[in-house]
Amino acid sequence: MSLRIRQAVLAILSACSCAVAGAAPQPLDDAELGQVTGRDGISFAAHISINDPSLVGAVADSRLSLGFNGDGTNRYIVLKNLRGTVDMFAVSLSVQNRSDGNGDYIAIGLPGYVRYTNFGFESLSVQTDPSAPVTGSLGSMNLNGVVNLTGEVRIWTH
Amino acid sequence: MPRRALSVLLALLCGGAAQAMQPMTDKALSGVRGGDGVSFDLNGFSMSGDARLTYTAPSGSSLYVEKFAASRSDNSQPFSDPYLLDIVPGAPGLADVIKISFPNNASAEQKWQFAYDWGVDSDGIARQGGAVVMKDVVFTGGGLQVSTPQVNDGVAFGAALRMDIGQLALQPRGRSDATEQMALTGIHIGATDANGNFTGAPWVIADVAAQPAVINALTDETGERLHINLDWPSAKYGSGQPSTGGVVIDNITFTSPNQAPVDLGSSRIGSIQINYLDIKFRR
């Protein structure tokens, strides 16, 4: 074997050994093996707080606006101070085989516990300036309490 | 020999590349599917709880619904009759349409049950209205459309409905006490023919091309308004006539404790056409 070929072989073997070393399987004893669990999806819980007025530095006047322009005049549907708290436990997400054998589907498990606390908005109005003071409020909506859900939403392509 | 060793090593390296393309067998190839829409459905769905949704008018008076309960039975053949979400071409010259088709539900296996409590609080008087209970609600076909309006800004939408309700009951003593109630049994809503007979098809209440409904904000002589409109039927994109629907209630009965039930019999509206509808919200 010539010197040049030997050097090439050594370089390739070196690269291989580096690549393999990181992924080399390791033996597990019974205790370690007992800790191994298999999962095929994820679950998540959430605590969401929007525009909480009790926090330091809270915004006192936030707006969510939808703009329309029909005859040259801008008009906006304005929701003032969309706010509240949502505690949710838990949404699951996984991919499953369809029972009819026609592919897979995304399974979204619905949360068994959702608590809404003062969730809603302070006013709904229509106005030409989305930042102007609200003078024609149509009222407010508020949601409080617990919603319990069961079941799942299944999504697939057609 | 050395060159052969090199070839073996290079082959091993190439074989380890995860991104390498692989030939597919006929079986694997037959599993490849192409789709241009999304199907979705519920399975084992139910909802309960004590949440209260309150609307408070600027005057301070309020209306609430609470303790909303819902459930739906499933199709015995999962995945066979889902909701369909597609984006389809609009009529010539009009924008594309987001289309949601409800399950055909021909065997009425997908039944909904609903219940909620309600009440009002106005002028210092809080009044519980009792419960509204809907049993065996069946949607058969129909669906929703969403698109851009033919004129002006806003959201254009269409809706088609065929619905049968086993019973709609107003129960002032609560959802678990039917000793006092007004019960509407056997409510049927759907498309009808010229003679007022149900055709079995959904009643197209609005269509983004033939008779669009629109939600937007507009300005009239008194100011800016939140606006919901069902336009006149279009002769350009449709027949120029609104579709015809009907409503049938098989029986209306009032029940009170220690009283004989008051049976009002049935009610039928054979043909309904909504030619035009314009709603503006104002203070």
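**Basis.** The model is predicted: local features need pLDDT of at least 70, side-chain atom pairs count only at pLDDT 80 or more, and totals for chains, interfaces and linings use all residues. Residues are numbered from 1 along each chain as its sequence is written, while chains are lettered from A and ligands numbered from 1 in the order in which they are written.

**Chain A, overall.** I counted two helices and eight strands in chain A; helices (H or I, at least four residues) and strands (E, at least two) are DSSP runs, numbered from the N terminus. Along the sequence the pattern reads α-α-β-β-β-β-β-β-β-β. Of the 158 residues in chain A, 15% are buried. Buried stands for 20 or more other C-beta atoms within 10 Å of the residue's own, exposed for 12 or fewer, and partly exposed for the range in between, with C-beta atoms placed from the backbone.

**Sheet in chain A.** I looked up an open sheet of three strands in chain A, ordered β2-β3-β7 with antiparallel pairing. Pairing requires at least two DSSP bridges between two strands. β2(A) and β3(A) (residues 74-80) are joined by seven bridges, and R63(A) stands opposite K80(A) in β3(A).

Most residues other than glycine have a negative phi, and most peptide bonds are trans. I noted a cis peptide bond between F89(A) and A90(A), with omega about -10 degrees; A90(A) belongs to strand β4 (residues 83-97) of chain A. N81(A) has a positive phi, near 55 degrees, and sits in the loop between β3 and β4 of chain A. N81(A) is buried, with 21 other C-beta atoms within 10 Å. In chain B, D136(B) has a positive phi of about 50 degrees and is part of strand β7 (residues 125-139). D136(B) counts as partly exposed, with 14 C-beta neighbours inside 10 Å.

**Interface.** I find 45 residues of chain B in contact with 45 residues of chain A, contact being C-beta atoms, placed from the backbone, within 7 Å. The largest share of chain B's side, 12 residues, comes from β1(B). That side divides into 22 nonpolar, 15 polar and eight charged residues. Nonpolar covers Ala, Val, Leu, Ile, Met, Phe, Trp, Tyr, Cys and Pro, charged covers Asp, Glu, Lys and Arg, and polar covers the others, Gly among them. Strand β8 (residues 140-157) of chain A pairs antiparallel with β2(B) over five bridges, and N144(A) has R52(B) as its bridge partner.

Conventions: Two residues are in contact if their C-beta atoms, placed from the backbone, lie within 7 Å.
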